[in-house]
Amino acid sequence: MKTLVLTLDLIGTFVFALSGATAGARRRLDIFGVLVLSFVAANSGGIVRDVLIGATPPAAISDWRYLAVSMLAGVAIFFWYPVIQRMHNAVLWFDAAGLALFCVAGAQKALVFGLEPIMAALLGMLTGIGGGVARDVLLSNVPAVFRSDIYAVAALAGASVVVIGDALQLPTTPTALAGAALCFGLRLAAIRYGWHLPTARTPEVDENDGAGNQER
Amino acid sequence: MKTLVLTLDLIGTFVFALSGATAGARRRLDIFGVLVLSFVAANSGGIVRDVLIGATPPAAISDWRYLAVSMLAGVAIFFWYPVIQRMHNAVLWFDAAGLALFCVAGAQKALVFGLEPIMAALLGMLTGIGGGVARDVLLSNVPAVFRSDIYAVAALAGASVVVIGDALQLPTTPTALAGAALCFGLRLAAIRYGWHLPTARTPEVDENDGAGNQER
Amino acid sequence: MKTLVLTLDLIGTFVFALSGATAGARRRLDIFGVLVLSFVAANSGGIVRDVLIGATPPAAISDWRYLAVSMLAGVAIFFWYPVIQRMHNAVLWFDAAGLALFCVAGAQKALVFGLEPIMAALLGMLTGIGGGVARDVLLSNVPAVFRSDIYAVAALAGASVVVIGDALQLPTTPTALAGAALCFGLRLAAIRYGWHLPTARTPEVDENDGAGNQER
């Protein structure tokens with residue numbers, strides 16, 4: 001069982017690292033920059049979670065396998081970018097799987113460290129989306145998760161299942177599987193049906209004006 | 001007394017969350033992005049302070065009320081953005097009050113954790129301004145506090161009063177009130193009279209060139 | 001010996017603070033923004049390292065000398081920007097020296113806190129480059145280290161010498177000197193001969209398109 005969890009965790013790491021490396025390669029970073037973005041996209045969520053709950057050094061720093069898997073993904077993108085781009089759909093599926101694994105694992109770890117249920121669910125979500133936010137900030141973009149389709153909500157739903165199961169004292173493994181399945185299913189449905197969250201009604205300000213005002 | 005402090009702290013959280021949600025709504029983020037910016041703008045300063053002084057998990061993570069108040073502000077902006085925009089002056093006043101409360105509370109907490117006086121004052125300032133910096137970085141803007149009117153200086157002044165009072169072993173409550181009043185007064189005066197800090201003389205480089213050179 | 005190390009460490013801090021202040025002044029930040037960038041560029045790498053390994057409060061927060069030296073550099077740039085710009089070559093040399101000192105000191109500290117060899121080398125590198133990354137993120141630029149010449153690699157090489165020497169139980173001081181010398185030499189050679197790392201072959205996407213797609 002423990003080997004299964006680690007395997008799934010490393011698959012999630014690999015897939016998120018692919019997304020970071022892809023974003024870096026498209027912005028013409030050098031090989032070092034691509035590798036850094038691989039590591040950041042795959043591990044920032046977990047690192048921030050571990051720092052916040054006081055579990056230092058974070059697992060991604062103290063266990064070399066997270067680094068190795070991240071570098072592997074970075075190198076793969078660096079040399080075979082066109083091939084992997086063609087597998088776009090597969091990457092989206094893997095990404096949904098990674099999100100599902102990370103949100104569940106993150107919520108469980110936060111519960112183990114004694115956080116309140118609501119905060120544990122949010123830290124599970126943070127574990128899932130944190131890497132993508134850090135990737136986008138490093139590339140000087142507004143994080144895609146703040147205005148894309150249902151992504152963070154899927155992670156929050158999956159993490160919430162874990163937290164509710166814990167509060168009801170249900171056995172851990174089935175609730176973890178249920179949470180991961182819910183997140184995965186929501187994410188795939190959002191991709192297939194183009195589900196979006198609503199945006200606020202701020203009719204008179206277009207995006208460039210907004211940025212311009214901020215910069216003043 | 002403790003209830004008063006918590007009430008003031010939560011008011012500060014609410015007001016800073018309003019600023020984050022407003023910035024997010026103007027950049028057309030979805031409801032999730034707006035809520036994240038609410039939480040980030042209201043709590044990043046305190047979270048970074050707590051991580052730096054080793055007080056993990058940070059109060060904003062372990063106490064659900066900070067989250068609840070932040071979400072409330074985000075939802076309010078999301079649905080009543082035009083109404084709150086019309087109350088622009090009130091928001092500026094509340095923001096000054098939030099800054100005053102946060103810088104004083106931040107400096108006190110740093111002193112309790114045994115930091116040196118100068119560093120405690122700076123961490124007080126960081127508590128006040130950190131949320132706005134994180135908000136601007138997430139939206140891919142240069143933090144407004146780095147080139148706006150007297151803002152960080154007001155927070156530093158308020159925090160310094162707390163630290164000096166502590167060094168002179170004055171009673172805590174009056175010095176906290178004096179620090180908050182100084183910060184609040186400086187901030188309002190800066191708004192009313194348009195006080196600015198000087199910028200360096202770098203005559204030949206305009207802003208776009210600067211950015212362009214960096215990007216090369 | 002200890003005085004020598006501290007002196008070198010503070011020289012490194014000063015030089016990195018100069019780079020932060022210069023970047024801030026060119027973007028027309030006010031004096032406060034320039035000072036913040038001085039401190040951030042000089043101390044972020046060490047602060048992040050200390051938070052990750054659980055050494056809180058970080059040295060840059062608990063020892064006032066890092067702050068004092070950073071502020072000194074910021075004030076110097078603010079008032080004598082043209083003079084220091086003319087000393088451009090000297091600044092590049094000092095920057096290489098700062099990088100060499102930071103990567104070695106960072107790796108040693110990580111080893112002392114019990115990290116694995118590979119992670120200690122990476123944290124040494126992070127200590128060297130972290131400040132520049134934070135500086136660029138705050139100014140809303142893609143970090144220069146992700147697409148410039150040999151910089152991070154030099155830091156990683158220097159840190160690796162320390163880690164290998166530790167694994168072989170060689171005496172600390174000579175390996176530290178060898179690591180610093182290797183980093184310094186690599187960095188100067190990269191400047192002189194224009195060494196670059198390769199970038200990935202992503203022929204069809206130019207930089208603006210990349211950014212545009214991300215923003216969608």
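Buried area is the accessible area that two parts lose on being put together, summed over both. With that in hand, here are some close-ups of this predicted model.

**View 1. Where chain B meets chain C.** Put together, chain B and chain C bury about 3,400 Å² between them. Carbon and sulfur atoms account for 59% of that. On the chain B side, 38 residues take part, and chain C brings 34.

**View 2. What holds the eye between chains B and C.** Look for salt bridges across this interface and you'll find zero. Polar contacts do turn up, though: three residue pairs, with both partners at pLDDT 80 or more. On chain B, α2 (31-53), α6 (117-138) and α9 (207-215) each put at least two residues into the side that touches chain C. The largest share comes from α6(B), with eight residues. Sorted by class, that side of chain B has 23 nonpolar, nine polar and six charged residues.

**View 3. Where chain A meets chain C.** Here 34 residues of chain A are in contact with 38 residues of chain C. About 3,300 Å² is buried between these two chains, with 59% of it from carbon and sulfur atoms.

**View 4. The chain A side, helix by helix.** Between chain A and chain C, the salt bridge count is zero, while three residue pairs are in polar contact, both at pLDDT 80 or more. Five helices of chain A each give at least two residues to the side touching chain C: α1 (2-26), α2 (31-53), α3 (59-62), α4 (64-86) and α6 (117-138). With six residues, α2(A) has the largest share. That side of chain A is made up of 21 nonpolar, five polar and eight charged residues.

**View 5. Around the axis.** Turn chain A by 120°, with a shift of 0.0 Å along the axis, and it can be laid on chain C with an RMSD of 0.0 Å. The two copies are therefore related as by a three-fold rotation axis. Which residue of chain A comes closest to the rotation axis? That's Ser140(A), with its C-alpha at 3.2 Å.

**View 6. Chain A on its own.** Chain A has nine helices and zero strands. Of its 216 residues, 57% count as buried. Among contacts in chain A with a separation of 6 or more, residues 24 or more positions apart account for 75%.

How values were computed. Residues numbered from 1 in each chain as written. Chains lettered and ligands numbered in written order. Predicted model: local features only at pLDDT ≥ 70, side-chain atom pairs only at ≥ 80, totals over all residues. Heavy atoms only, no water. Contact = heavy atoms within 4.5 Å. Buried area = accessible area lost by both parts, 1.4 Å probe. Salt bridge = Lys/Arg side-chain N within 4 Å of Asp/Glu carboxyl O. Polar contact = N/O pair within 3.5 Å; in protein donor to acceptor, adjacent residues only side chain to side chain. Helix = DSSP H or I, 4+ residues; strand = E, 2+ residues; numbered from the N terminus. Nonpolar A, V, L, I, M, F, W, Y, C, P; charged D, E, K, R; others polar. Least-squares fit on C-alpha atoms with pLDDT ≥ 70 in both. Buried < 20%, exposed > 50% of the residue type's maximum accessible area, 1.4 Å probe, protein only.
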